[in-house]
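Me: I've got a structure on screen and a few things I'd like to talk through. Could you take them one at a time and show me how you get to each answer?

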Amino acid sequence: MEILPKWADAVLVPIFSLLIAFALSALVIIAIGEDPVAAVKMMVTGAVGSTYGWGYTLYYATNFMFTGLAFAVAFHAAMFNIGAEGQATLGGLGVALVCLAVPWPHWALALPAAMVGGALFGAAFAAIPAWLQAKRGSHIVITTIMFNFISASILNFLLVNMLRPKGSMDPATAKFPAGTNLPTLHDILGVFGIPFSRAAPANIAFFIALLACVLVWLLIWRTRIGYQIRAFGKSESAAVYAGISPVKIIMVAMLISGALAGLMAINNVMGEAERLVLNSVEGAGFIGIAVALMGRNHPFGIFLAAILFGFLYQGGAELALWTNIPRELIVVIQALVILFTGALDNMVRMPLERIFLAFRRGKA
Amino acid sequence: MTTAAAIELKGISKAFGPVQANKDISIRVMPGTIHGIIGENGAGKSTLMSILFGFYKADAGEIFINGTKANITDSQTAIRAGIGMVFQHFKLVQNFSVLENVILGAEDGALLRPSLAKARGELKRLAEEYELHVDPDALIEDLSVGHQQRVEILKALYRQADILILDEPTGVLTPAEADQLFRILERLREEGKTIILITHKLREIMHITDTVSVMRRGQMTATVKTSETSPEQLAELMVGRKVLLRVDKKPATPGAPVLEVENLRVIDEHGVERLKGVSLNVRAGEILGIAGVAGNGQSALLEVLGGMIPATGTVRMNGQELDLTGTASDGQSRRARGIAHVPEDRQHDGLIMDFSAWENTVFGYHNDPAIQSNALLMDNAAIRADTAAKMERFDVRPPDPFLPAKSFSGGNQQKIVLAREIERNPDLLLIGQPTRGVDIGAIEFIHQRVVELRDAGKAILLVSVELDEIMSLSDRIAVMFDGRIMGERLPEQTNETELGLLMAGVNEEAA
């Protein structure tokens, strides 16, 4: 018997979790002698008070959508893929190689090719831990987390020794040719006469992320392979009974997951940096875990959670820039949100269930 | 005034949220008697006993033990009041000795040695008094299930229980072990102990109890003297309508062999040989029943035939050989050959408990092009409509395709699996433990459906640990023991004693 109605489970629980996280954050801010109300104002203005702020919020959100979806697809197959960080790093390599290989005449040609490159590299990098899990039983959590370090080392090696332009002191690739530069929200919205900040990095990848949300939803809930992924994720023995091959499902789910993580690179590498630098992913792979958990591994939830974390990232950066609240505290606030929405879910759910029960009995 | 009741419950009620598990229940159990409590799954038997043993607190009502009002707040107070409980799933530490298990939670002090010495003497006395012989130094994991159950009883007696509650005690026992248990219970009764026996098996109630209480939907519908009732009457009281206890079927008219199995061998991942050369065949229009105590290879047999595990040997389906090891040996290829499989453990294998009913009705057949609306997407609307129709035909309650499988009762879950497998019109139906955890009303329905499939000329391989079920459904009976077929019998030419011996590995013809 489900005690909470679906809407309460999907809406009330995350909202209460967020409120508690914010309340605790406020206490911390008070404790260090700052004004929480002013801090909230600063975050809101900084993140959504201007098109510049929105441009950054949506840019971050795009990264988180890709990594959140990556985590969710694997999670539906009961694979805890915490290697999105590494898969996105390698995805960046794929995107960079595509962008630098050919003198692209127009972004519309470069983008699909770069997407293929990023997805392939991300998927290939996820394939190794997936195969080890499927065939050898090596736990995916252990292998993917180790692969994050491997990806960083690979990138370091390639950037320093092979991809760095001659004479450059910077461990980064050359700037991508102009034909690969993606249209920003400023360019896109300008077509419709809507003014948008020129300086903000949000770009067309945001719309591709939205499309990815829709496609993942279709994949998971409407296709045969999604059905098999979910069935395997819920019960491996039942999957074997039904003739669903565990090896196949682990591989497919992880390849899709890695590809989604790799696709993130069209946003940060191709769209924003326009060259490949060290640590270009900046932790988005890990934030994606929190985004997916908070979004209940549902694409729509992931979309909302990604926007929220984009807001926290951009608002947090503004806070660090303009107040005496140290940068570390921003991490604390983000961590509290992750803690309450991801890990301490039941702390909110159980009292809520009790309230609903009492209410129902009162009516009965 | 007569002697006080050993246990008297007055007006016990307990609700879990909106579900009324127990409603105004009153019973009196006289000392030195065996009192049966019978009812379908979910009738509230276990809740009632959990209240008596202090696991739950009743919302209303009073408990009297030997005439004095008892306030049972947890299992410790229940034990102090002289109540002992033997659970369906034993609560024993597998790698502890019998002695260590007996004193667990009843140690006298910080040092173990005095407690162990005392327990050793006490166990010896109990063993003599009640004929409960168990080696006190044996490890639990080395004991048979029947002996493990004795340890549970000893644990209760060691804690000076005068009232013993046994929850479905025979579910895991061979018929011979069950008989031994009943002798022990009779002995305990002679010594003045009071026993409450919870079961869904009418035969046991009739065999051993003095009085019996019937529960239905949280209420006590009747308490009668066992000598003054009949299985038919009890079944009717349990279900609330007349039930057919015997399966009504015509003699089989078997046709050509559908399934032929030769020298089937399975070695599992631990290197244990689970099938040691099994040969059998099932013909069209007949039910072959596999009898045996759980764990003698029946599960492996079903799993091989269902494509879940690899094996060596030969299996022919309609004359064509099946791949037993390669890539073409999985559930999908078996279904393509016309083999449907109702697995022994529906909650573990047959259903995805978190999936809704409609998602479960295509489980295993999800690659069927008929349920695709185009090359990419599944036709969910059509599956839902089809599920609603199936639920109607198989009387699944509630008939809501959107409800997750875990929200249905055991019987209704089984009907969902059966609807899925039978309506595919298979040539061969593998069916394991068709009525385990299924209430009486649903048992009747399930048996009828299986017989109907047989009458439609299909082959059926039935595996069950319920001897009654094997005897009444099968057209032929094969008994398995230790990975082998011990012998084949015709149901009308055999009896429970003979089958029981075969199940224990004794073949009198061979001897």
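Me: Let's start with the open sheet of six strands in chain B: what is the strand order?

Reply: Bear in mind that this is a predicted model. The pairing in this open sheet is mixed, and the twist averages 20 degrees from one strand to the next. Reading across the six strands of chain B, the order is β6-β7-β8-β3-β9-β10.

Me: Which are the edge strands?

Reply: Look for strands that pair on one side only. In chain B those are β6 (83–86) and β10 (219–225).

Me: Which residue in β10(B) is the bridge partner of Ser213(B)?

Reply: Strand β9 of chain B covers residues 211–216, and six bridges join it to β10(B), with the two running antiparallel. Follow the bridge from Ser213(B) into β10(B) and you land on Thr223(B).

Me: Which strands does helix α6 of chain B touch, and what angle does its direction make with that of β8(B)?

Reply: Two helices are worth a look here. Helix α5 (residues 145–158) of chain B packs on the sheet against β6 and β7 (163–167), its direction making about 165 degrees with that of β6(B). Helix α6 (residues 175–190) of chain B also packs on the sheet.

Me: What ties Asp162(B) to Lys193(B), and how many residues apart are the parts they join?

Reply: The two form a salt bridge, with the closest N and O atoms 3.4 Å apart. Asp162(B) sits in the loop between α5 and β7, while Lys193(B) is in the loop between α6 and β8, so the pair ties together parts of chain B that are 31 residues apart in sequence. As for accessibility, Asp162(B) is partly exposed at 43%, whereas Lys193(B) is buried at 11%.

Me: Which residue of chain B meets Lys234(A) in a salt bridge?

Reply: Lys234(A) belongs to helix α9 of chain A and its partner to the loop between α11 (346–350) and α12 (357–360) of chain B, so this pair joins two chains. The N to O distance is 3.6 Å, and the partner is Asp354(B).

Me: How many salt bridges are there over all chains?

Reply: There's another pair in chain B, where Asp395(B) meets Arg397(B) at 3.1 Å, N to O. Asp395(B) is partly exposed at 31%, and Arg397(B) is exposed at 52%. Chain B also has a network of salt bridges linking Lys249(B), Lys250(B), Arg454(B), Asp455(B) and Asp475(B). Over all chains, the count comes to 41.

Me: Back to α9(A): at what angle does it pack with α11(A)?

Reply: In α9 (residues 224–234), Ile225(A), Gln228(A), Ile229(A) and Phe232(A) meet residues of α11 (246–263) including Pro246(A), Ile249(A) and Val252(A). By class, that contact has eight nonpolar, one polar and one charged residues. The axes are 10 Å apart, and the angle is about 110 degrees. With 65 to 115 degrees as the range for the term, that makes α9(A) and α11(A) roughly perpendicular.

Me: Is Glu274(A) buried or exposed?

Reply: Glu274(A) is in the loop between α12 (265–273) and α13 (284–294) of chain A. Leaving aside neighbours within four places in sequence, Glu274(A) contacts Ala174(A), Lys175(A), Phe176(A), Asn181(A) and Val269(A). Its relative accessible area is 16%, and the cut-off is under 20%, so Glu274(A) is buried.

Me: Last one: which residue in the turn between β4(B) and β5(B) has a positive phi?

Reply: Strand β4 (residues 60–65) of chain B pairs antiparallel with β1 (residues 7–16) over five bridges, and Ser13(B) stands opposite Ala60(B). Three bridges join β4(B) to β5 (residues 68–70), also antiparallel, with Ile63(B) partnered by Ala70(B). β4(B) and β5(B) form a hairpin with two residues between them, and the one with a phi of about 50 degrees is Asn66(B).

Terms used
Residues numbered from 1 in each chain as written. Chains lettered and ligands numbered in written order. Predicted model: local features only at pLDDT ≥ 70, side-chain atom pairs only at ≥ 80, totals over all residues. Heavy atoms only, no water. Axes fitted to C-alpha atoms, helices over the stretch in contact; angles between N-to-C directions. Helix = DSSP H or I, 4+ residues; strand = E, 2+ residues; numbered from the N terminus. Parallel < 35°, antiparallel > 145°, perpendicular 65-115°, else oblique. Contact = heavy atoms within 4.5 Å. Nonpolar A, V, L, I, M, F, W, Y, C, P; charged D, E, K, R; others polar. Pairing = 2+ DSSP bridges. Buried < 20%, exposed > 50% of the residue type's maximum accessible area, 1.4 Å probe, protein only. Salt bridge = Lys/Arg side-chain N within 4 Å of Asp/Glu carboxyl O.
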